[in-house]
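This briefing is meant to be read beside the sequence and the model.

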Amino acid sequence: LKLDRTRLDTVYVEPTAEFGQYTAILLQPLDVDNVEIKQPSNPRPGARDWELTAEDKARAQEAFHELMVEELTGDKGLAIADTAAGNTLELQVKLDVIAPAAPKDDFDSRPAGRSRFFSEGFGDMTITMDFKDSLSGKLLATAEDKARGDTLWRLNNRITNWAEIRRTMRSWAGQIGAALEEMGTGTRPVTPD
């Protein structure tokens with residue numbers, strides 16, 4: 001069953017799933033192990049490919065967890081669980097694609113003497129997410145969303161990029177929270193269109 005009233009690009013739910021029984025979320029760390037990176041167009045000759053370092057991955061996981069906890073425990077009233085339980089929905093979010101708009105802001109990727117890059121936003125990012133019963137592991141819903149960068153030309157550096165990444169993650173947290181509400185988690189049953 002496809003949900004059409006969600007802000008995420010696509011959400012599919014198991015029609016027989018009873019989401020109203022779930023009042024807690026087992027939030028798995030953001031999966032950043034196999035991210036496809038679409039390299040910026042027109043890179044400088046000899047520039048290193050844009051890549052996620054271990055530090056980048058850890059920072060993204062920490063920020064995503066923080067923003068998800070803030071969203072889900074706020075007005076959604078869900079608890080964050082440490083272990084599987086009968087009332088607990090497991091959520092696994094995977095960062096699938098990053099398509100940055102400019103070379104990475106590091107010494108190996110940007111030419112010496114050119115310290116300022118401007119781009120039309122940071123770029124694009126895509127996530128997928130799976131919602132499972134935490135005890136059985138049964139997949140109850142799956143979703144995908146692509147966040148498109150803004151259309152404003154602005155300075156592209158570590159600070160502005162991280163601010164936009166956090167803004168995107170905050171938006172995703174809100175969209176996931178809204179999707180959980182739409183699915184009836186702790187609130188009401190799913191009503192198909």
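Two strands are said to pair if DSSP finds at least two bridges between them. By that criterion, strand β2 pairs in parallel with β5, to which four bridges join it, and also in parallel with β4, to which two bridges join it. The model is a predicted one, and the points below should be read with that in mind.

- Ile 25 stands opposite Ile 80 in β4, a strand made up of residues 79–80.
- Ile 25 also has a bridge partner in β5, namely Leu 89, and β5 itself spans residues 88–100.

**Salt bridges**

- The count of salt bridges comes to five, and among them is the contact between the side chains of Arg 170 and Glu 70, where the N to O distance is 2.7 Å.
- Because Arg 170 lies in helix α2 and Glu 70 in helix α1, this pair ties together parts that are 100 residues apart in sequence.
- Both partners are partly exposed, Arg 170 having a relative accessible area of 42% and Glu 70 a relative accessibility of 44%.
- Asp 124 forms a salt bridge with Lys 146, and the closest N and O atoms of that pair are 3.8 Å apart.
- This second pair links distant parts of the chain, since Asp 124 is in strand β7 (residues 123–133) and Lys 146 is in strand β8 (residues 139–147), 22 residues apart.
- Asp 124 is partly exposed at 24% relative accessible area, and Lys 146 is partly exposed at 34%.
- Within helix α2, Glu 164 and Arg 167 are three residues apart, so about one helical turn separates them, and they form a salt bridge whose closest N and O atoms are 3.5 Å apart.
- Glu 164 is buried, with a relative accessible area of 6%, whereas Arg 167 is partly exposed, with a relative accessible area of 41%.

**The largest pocket**

- The largest pocket has a volume of about 470 Å³, and of the 21 residues that line it, Asp 56, Arg 59, Lys 104, Arg 158 and Trp 162 are the closest to its centre.
- Helix α1 (54–72), strand β5 and helix α2 (158–183) each supply at least two residues of the lining of this pocket, and the largest share, six residues, comes from α2.
- By class, the pocket lining has 11 nonpolar, three polar and seven charged residues.

**Cavities**

- The structure holds two cavities of 30 Å³ or more, and the largest cavity has a volume of about 40 Å³.
- Ten residues line the largest cavity, and those nearest its centre are Phe 122, Gly 123, Met 125, Ala 147 and Thr 168.
- The elements that give two or more residues to this lining are β7 and α2.
- The lining of the largest cavity divides into three nonpolar, three polar and four charged residues.

Conventions
Residues are numbered from 1 along each chain as its sequence is written. This is a predicted model: local features need pLDDT of at least 70, side-chain atom pairs count only at pLDDT 80 or more; totals for chains, interfaces and linings use all residues. Side-chain values use heavy atoms; hydrogens and water are left out. On a 1 Å grid over the protein atoms alone, a cavity is a set of points where a 1.4 Å probe fits but cannot get out, and a pocket is an open set with protein on both sides within 12 Å along at least five of seven lines; lining residues have an atom within 4 Å of a point. Grid points are joined across faces, edges and corners, and a volume is the space filled by probe spheres set on the points. Ala, Val, Leu, Ile, Met, Phe, Trp, Tyr, Cys and Pro count as nonpolar, Asp, Glu, Lys and Arg as charged, and the others, Gly among them, as polar. A salt bridge is a side-chain nitrogen of Lys or Arg within 4 Å of a carboxyl oxygen of Asp or Glu. Buried means under 20% relative accessible area, exposed over 50%, partly exposed in between (1.4 Å probe, protein chains only).
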